[in-house]
Amino acid sequence: MAAKGYWIANSIIHDMDGLVRYRNANREAMNRYGAKFIIMHGQHQDVEQPARLYPENWTVVEFPSYPDAVACYEDPTYLEAAKSRRSVADGTQTIIEGYDGTQGF
């Protein structure tokens, strides 16, 4: 079984109505690649020195695999939707492969 893929985003949102439009615009691509929101702007605590640029919002989206996460981001439907996100929020986004190996502590 392939390791899952994740989008990890940290952002500050300037226009919540615009963010809703972005979410509506990206829904088709997200559904096509099996996206599942794991974290969306929940409570958080900085327990060690923060290494992030934007203090407000964290989002983690899980995909069935790393290739699915990359393909969703590169999908023309998503890329068009992302333009609207960039106009209403500043932030960072990373695509990362999950770990499905042994847990030998």
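Q: Why is Asn-10 called buried?
A: The relative accessible area of Asn-10 is 1%. Buried means under 20%, exposed means over 50%, and partly exposed lies in between (1.4 Å probe, protein chains only). Asn-10 is therefore buried. This is a predicted model, in which local features need pLDDT of at least 70 and side-chain atom pairs pLDDT 80 or more, while totals for chains, interfaces and linings use all residues. Residues are numbered from 1 along each chain as its sequence is written, and side-chain values use heavy atoms, without hydrogens and water.

Q: What makes Asn-57 buried?
A: Asn-57 has a relative accessible area of 11%. That value falls under the cut-off, so Asn-57 counts as buried.

Q: How do you know which elements hold Asn-10 and Asn-57?
A: Helices (H or I, at least four residues) and strands (E, at least two) are DSSP runs, numbered from the N terminus. Asn-10 belongs to strand S1. Asn-57 belongs to strand S3, residues 57-63.

Q: What makes the link between Asn-57 and His-41 a polar contact?
A: A polar contact pairs N or O atoms within 3.5 Å; within protein, one must be able to donate a hydrogen and the other to accept it, and sequence-adjacent residues count only if both atoms are side-chain atoms. The side chains of Asn-57 and His-41 meet at 3.1 Å, so the distance passes the cut-off.

Q: Which residues does Asn-57 contact beyond four places in sequence?
A: Contact means heavy atoms within 4.5 Å. Asn-57 has Ala-9, Asn-10, Ser-11, Ile-12, Ile-13 and His-41 as such partners.

Q: Why does Tyr-33 count as buried?
A: Relative accessibility of Tyr-33 is 18%, so the residue is classed as buried. Tyr-33 sits in the loop between H1 and strand S2 (36-40). Outside four places in sequence, Tyr-33 touches partners including Phe-63, Pro-64, Ala-71 and Cys-72. The side chain of Tyr-33 also makes a polar contact of 3.1 Å with the side chain of Asp-75.

Q: Why is Asp-68 called partly exposed?
A: Its value is 24%. Asp-68 is in helix H2. Its side chain makes a polar contact of 2.9 Å with the side chain of Ser-65. Beyond four places in sequence, Asp-68 contacts Tyr-33 and Phe-63. Ala-35 is 33 residues away from Asp-68 in sequence, yet the C-alpha atoms are 8.7 Å apart.

Q: What makes a group of residues the largest nonpolar core?
A: A nonpolar core is a set of buried Ala, Val, Leu, Ile, Met, Phe, Trp, Tyr and Cys residues joined through side-chain atoms within 4.5 Å. The largest one here has 16 residues. Trp-7, Tyr-22, Met-30, Val-61, Phe-63, Cys-72 and Tyr-78 have the most contacts inside it. Strand S1 (5-13), helix H1 (16-32), S3, helix H2 (66-74) and helix H3 (76-88) each supply at least two of its residues. Tyr-78 touches residues including Trp-7, Tyr-22 and Cys-72.

Q: How do you know how much of the chain is buried?
A: Buried residues make up 30% of the 105 residues.

Q: What is the order of elements in the chain?
A: From the N terminus, they run β-α-β-β-α-α-β. That comprises three helices and four strands.
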